[in-house]
Amino acid sequence: MDLWGARFKKELNSEVNSFNSCISFDSVFYKEDIQGSIAHVTMLAKQNIIEENDAKVIKETLQNIQKDIETGKLVIDRNAEDIHMFIEGELTKRIGDIGKKLHTARSRNDQVTLDTRLYLRDQIDTLTKALKSLIKTFCYKAKENLETVMPGYTHMQRAQPITFAHHLMAYSEMFLRDLGRLEDTKKRMNVLPLGSCALATTTYPIDRYLVQELLEFDSVSQNSLDAVSDRDYIIELLSNISMIMMHLSRISEEIILWSSWEFKFIELDDAFSTGSSIMPQKKNPDITELIRGKTGRVYGDLMQLLTVMKGLPLAYNKDTQEDKEAVFDALETSFVCINTFVPMLETLKVNKQNMKEAASNGFINATDCADYLTKKGVPFRSSYKITGQLVGYCIDNHKTLETLSLEEYKKASTLFEADIYEAISFENCVKNRKIIGGPSPEIVQEHIKNVLQKIERKD
């Protein structure tokens, strides 16, 4: 289709044409482009801007074009500049001058952001579904490990006893927030830009609210310059995906640590591990390492678009063509990472005994020992000091708080009685933390129930 013939005397340089073209990646918009065009031409006819019979022919032909693309009868021409011109060119080829009426009262500037919003809101739905599956998997794995005691860490030093279920459910909260951010982004994205035209709307009496209704947008854009030029809705989505990947990377890092011989808290299923070409004993957590690495790739997609947008004057600029490959890459990367992570988490083996032994060797019940004295009237800072001295004594004498004799305890404080051993048992340290948000199996079980209910309400 000769788009520039009326103004230009020379054909576009072939290399420039290739450089300028975006059909190699925006061809994925063919359904959205046709969907938007059908809504637009329906409105044009209702407003008597074009004849009803012409609109009917255009709509039927657009539907046939979509069918032909999806069945393979029509192959998208990679020499076309973009998907919009390909669809319009094919339409005109099939029905002649009637097809040329389609582009009345619109521009490719508002058309491309329309297609992008339609496409991305569906992609958000797909990503939302994947996240829900991930959150459910964390919940189901946590259900299996309500009583699995392990060390909780700060500064990567053993700190206090928790359960593996409690640890996993921390990630369910992170991904729930990611889910909420996606919902919010979709709301802000679901604004109709069509009708903004190139940058200053149109003199035709179009009905934007009808198009909004036909395409199921929540509202209509209120400023035409803003509607065609900004890509903040894509940046927001990329930011959301970056946070999802950051959370995936954090749990991936922990799985890498936990599966090492130094921890041996978990073992990955053979189907989600690889070996070494030279060391036959190796079982490598390559999947989680790749997720950790791909997180940086998604961050790069976000930074790419932030950098593209930072200096653009109003209104539309060709620079924004660079938005699509970045967001497509981030979406594809997040999908493959989540969809690979879910079955890996489902099948990993938890070495409960190793976790419990690790909990036993780090004095992680010291706070409970101090609390024991505090509950008997000793100021906490004094209890803290006494317990610290006991820990020092244990280290010097190769003992633990559990293996100290009552006589040794009483040398530190006469308030210690035989029930100290019950107070510092790891099971009780966990079970007695019945505060909302704590690691008690009872509390975590309720947390799992609440999270699953939230997911069901969102379905």
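Author: Let's start with a word we'll need: a residue is called buried when its relative accessible area is under 20%, exposed when it is over 50%, and partly exposed in between. Keep in mind that this is a predicted model.

Reader: Then why is serine 440 called buried?

Author: Serine 440 has a relative accessible area of 2%. The cut-off for buried is under 20%, so serine 440 counts as buried.

Reader: Where is serine 440, and what does serine 440 touch?

Author: Serine 440 sits in the loop between H18 and helix H19 (441-458). Leaving aside residues up to four places away in sequence, serine 440 touches Val430, Lys431, Arg433 and Lys434. Touching here means heavy atoms within 4.5 Å.

Reader: What makes asparagine 48 exposed?

Author: Its relative accessibility is 69%. Exposed begins over 50%, so asparagine 48 gets that label. You'll find asparagine 48 in the loop between helix H3 (30-46) and helix H4 (52-71).

Reader: And why is threonine 201 called partly exposed?

Author: For threonine 201 the value is 40%. Buried needs under 20% and exposed needs over 50%, so threonine 201 lands in between and counts as partly exposed. Threonine 201 belongs to the loop between strand E3 (191-192) and helix H8 (208-214).

Reader: What is there to say about phi in asparagine 48 and threonine 201?

Author: Asparagine 48 has a phi near 60°, which is positive, and asparagine 48 isn't a glycine. Threonine 201 also has a positive phi, near 60°, and is likewise not glycine. Most residues other than glycine have a negative phi, and most peptide bonds are trans.

Reader: Which peptide bond is cis?

Author: The bond from leucine 314 to alanine 315 is cis, with omega near 5°. Alanine 315 is in the loop between helix H11 (286-309) and helix H12 (323-347).

Reader: How do you know that lysine 410 is partly exposed?

Author: Lysine 410 has a relative accessibility of 31%. Lysine 410 is part of helix H16 (residues 406-412), and beyond residues up to four places away in sequence it touches Phe416 and Glu417.

Reader: What does the side chain of lysine 410 reach?

Author: That side chain reaches the backbone oxygen of threonine 414 at 3.4 Å. The cut-off for a polar contact is within 3.5 Å, so the 3.4 Å pair meets that distance.

Reader: Which residues of helix H14 are buried, and what covers them?

Author: In helix H14 (residues 366-374) the buried ones are Ala366, Asp368, Cys369, Ala370, Tyr372 and Leu373. Their cover includes strand E2 (157-163), helix H15 (380-396), H16, helix H17 (420-423) and helix H18 (426-431).

Reader: How does the radius of gyration of the protein chain sit against that of a compact globule?

Author: A compact globule of 459 residues would come in near 23 Å, but the protein chain has 31 Å. The C-alpha trace spans about 100 × 55 × 40 Å along its principal axes.

Reader: And how many helices and strands does the protein chain have?

Author: The protein chain has 19 helices and 6 strands. Buried residues make up 50% of its 459 residues.

Definitions and conventions:
Residues numbered from 1 in each chain as written. Predicted model: local features only at pLDDT ≥ 70, side-chain atom pairs only at ≥ 80, totals over all residues. Heavy atoms only, no water. Helix = DSSP H or I, 4+ residues; strand = E, 2+ residues; numbered from the N terminus. Rg over C-alpha atoms; globule rule 2.2 N^0.38 Å. Buried < 20%, exposed > 50% of the residue type's maximum accessible area, 1.4 Å probe, protein only. Polar contact = N/O pair within 3.5 Å; in protein donor to acceptor, adjacent residues only side chain to side chain.
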